[in-house]
Amino acid sequence: MNAATDPRQQPRAPRDEAYNFAYLDEQTKRMIRRGLLKAVAIPGYQVPFGGREMPLPYGWGTGGMQLTAAILGAEDVLKVIDQGADDTTNAVSIRRFFGRTAGVETTERTPEATIIQTRHRIPETPLHEGQIMVYQVPIPEPLRFIEPSETETRTMHALNDYGVMHVKLYEDIATFGHIATAYAYPVTVDERYVMDPSPIPKFDNPKLDMSPALMLFGAGREKRLYAVPPYTRVTSLDFEDHPFEVQKWAHTCAICGSRESFLDELILDDQGTQSFVCSDTDYCAQRVNEGRVAQ
Amino acid sequence: MNAVHRIQDQVVADRTQPLLKVSGLSKLYGPEKGCQDVSFELYPGEVLGIVGESGSGKSTLLSLLSGRCPPDSGVIDYRGKDGHWLDLYSASEAERRTLLRTEWGFVEQNPRDGLRMAVSAGANIGERLMAQGVRNYQQLRAAGLDWLSQVEIDPARIDDLPRTFSGGMQQRLQIARNLVSGPRLVFMDEPTGGLDVSVQARLLDLMRGLVRELDLAVVIVTHDLAVARLLADRLMVMRRSRVVESGLTDQILDDPQHPYSQLLVSSVLQP
């Protein structure tokens with residue numbers, strides 16, 4: 001058991017035969033796959049599914065795990081990130097979970113992975129065809145903030161009645177002078193459905209547009225899944241005179257010196273000394289391997 | 001010159017044709033509960049008052065008219081801006097919704113039902129425009145400021161939440177929110193209910209001005225005959241789900257024919 005816990009030392013852990021492959025039973029996986037097919041066929045549309053109890057609490061990625069379990073094959077290579085990092089609690093425990101129940105190979109390298117389960121980030125390294133991103137989604141309904149009724153939001157989606165989405169952006173500009181929504185920034189998928197891209201920072205929104213990888217979104221508590229197929233147009237909502245913009249930093253990464261990546265702010269001491277580092281740990285480590293260091 | 005004549009002719013033609021045709025409208029929740037067999041025509045720029053006691057079916061009639069609740073029987077035809085007649089309940093829900101947020105307005109009795117209380121006054125006014133596809137912040141802002149001053153709210157309060165407004169201001173904000181899209185027909189359900197008398201008077205004055213200025217057709221439900229006399233051109237008196245009398249407002253209030261209308265008119269307190 002303890003040998004299986006460190007994926008860097010031993011990529012392929014022995015599978016625990018007491019569990020069905022990838023934990024869920026075959027009927028459940030079939031049901032989720034049917035839902036996924038529908039979601040891929042109607043990009044951005046939220047498909048309800050019979051969510052199962054998973055051996056971790058809601059809010060820790062139960063939706064994403066069920067999707068991963070449903071699509072995982074014995075030959076897949078799994079990468080799990082939380083806030084861009086491979087070594088945080090959530091990422092480590094989910095990676096270990098699938099290592100144990102499915103015996104699949106795991107990795108931290110973005111280009112080597114076939115399935116990447118993520119919370120909050122899309123890797124900085126460009127994705128390629130054949131890869132699947134699985135997102136853990138807390139609130140799948142982008143209209144929820146303004147319309148508490150599920151019946152009403154479904155009707156609004158059905159009738160393409162999305163005027164209220166701009167109310168939130170209007171409020172941002174009225175209050176802060178710019179669109180201050182920094183994460184879960186609403187997008188229109190394939191010029192039809194408005195979708196919440198889960199809590200990824202808006203920095204990552206442009207990576208969704210025409211991505212060669214398949215994007216799957218799963219919300220465990222709300223029991224909804226949705227998808228963005230490869231090469232689908234994904235546009236962020238905005239105003240003509242306040243166009244969509246991503247975050248920018250005046251700093252570079254303190255480890256690899258990157259100017260392009262999404263930076264996390266670290267407070268180093270009680271005097272408030274700041275340091276900025278890449279949120280994507282694999283991207284940062286690869287750059288260091290290539291010999292790039294901060295000036 | 002010819003062009004001017006043509007436009008005038010069009011305006012005259014528009015005004016001589018009804019905007020809304022209602023025939024045999026019924027919706028009953030029980031014997032004499034709801035409304036039955038209501039027929040009338042509403043012309044552009046006309047204000048129709050519906051009066052009657054509580055439970056007489058006024059509000060049921062209003063929700064049938066405004067497309068919120070399908071009737072048991074009867075037909076509502078609306079003449080759109082393009083001149084085509086639309087049968088309200090055989091149209092798709094999408095068409096009804098579009099109508100409700102473009103050519104129609106609905107002023108609720110309680111402004112909390114008609115406003116989004118969690119967003120600012122400016123966003124409330126701009127919502128209909130955004131729903132119609134206006135994507136220019138400056139334009140939305142300008143419309144918000146303009147309409148706040150039209151309904152006599154200090155434009156400096158554009159970024160305040162409606163919950164910080166008084167009841168009368170909330171009601172005026174609701175009216176602004178409905179009128180911003182330039183509707184032709186507005187439904188009002190007891191718009192002055194729950195306001196004190198001086199605020200009522202101010203609101204009525206404002207509404208009368210806006211209705212005349214914008215040439216709105218209005219269906220207004222009220223139990224207050226003073227409101228009806230001030231605003232309505234024509235009245236329908238309802239009792240036990242039926243329209244018992246209808247006609248010009250002054251005619252009904254000064255010379256009521258039906259015993260119930262007589263009772264209603266004579267029961268108004270004279271200070």
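Helix α5(A) and helix α6(B) are roughly perpendicular to each other, a class that covers angles of 65 to 115 degrees. In this predicted model, local features need pLDDT of at least 70 and side-chain atom pairs count only at pLDDT 80 or more, while totals for chains, interfaces and linings use all residues. Residues are numbered from 1 along each chain as its sequence is written, chains are lettered from A in the order in which they are written, and side-chain values use heavy atoms, with hydrogens and water left out.

The angle between α5 (residues 165-176) of chain A and α6 (residues 137-150) of chain B is about 80°, and their axes lie 11 Å apart; the axes are lines fitted to C-alpha atoms over the stretch in contact, with angles from 0 to 180 degrees between N-to-C directions. Helices here are DSSP runs of H or I with at least four residues, and strands are runs of E with at least two. Y170(A), I173(A) and A174(A) meet Y137(B), L140(B) and R141(B) in this contact, for which heavy atoms must lie within 4.5 Å.

Chain A also holds an open, antiparallel sheet of three strands in the order β7-β6-β10, where pairing requires at least two DSSP bridges. Its edge strands are β7 (193-195) and β10 (234-236), and the twist averages 30° from one strand to the next. Three bridges join β6 (residues 187-189) to β10(A), and V189(A) stands opposite V234(A).

The largest pocket holds about 960 Å³ of space. A pocket is an open set of points on a 1 Å grid with protein on both sides within 12 Å along at least five of seven lines; a cavity is a set where a 1.4 Å probe fits but cannot get out, and lining residues have an atom within 4 Å of a point. Of the 27 residues lining the largest pocket, E152(A), R68(B), L100(B), R116(B) and R177(B) lie nearest its centre. Helix α3(B) gives the most to this lining, with five residues. The lining of the largest pocket divides into nine nonpolar, four polar and 14 charged residues, the charged class being Asp, Glu, Lys and Arg.

Two cavities of 30 Å³ or more are found in the whole structure. The second largest cavity, of about 30 Å³, is lined by I175(B), L179(B), M188(B), M207(B), L210(B), V211(B) and L216(B). Helix α8(B) supplies the largest share of that lining, three residues.

Terms used: Grid points are joined across faces, edges and corners, and a volume is the space filled by probe spheres set on the points. Angles under 35 degrees count as roughly parallel, over 145 as roughly antiparallel, 65 to 115 as roughly perpendicular and the rest as oblique.
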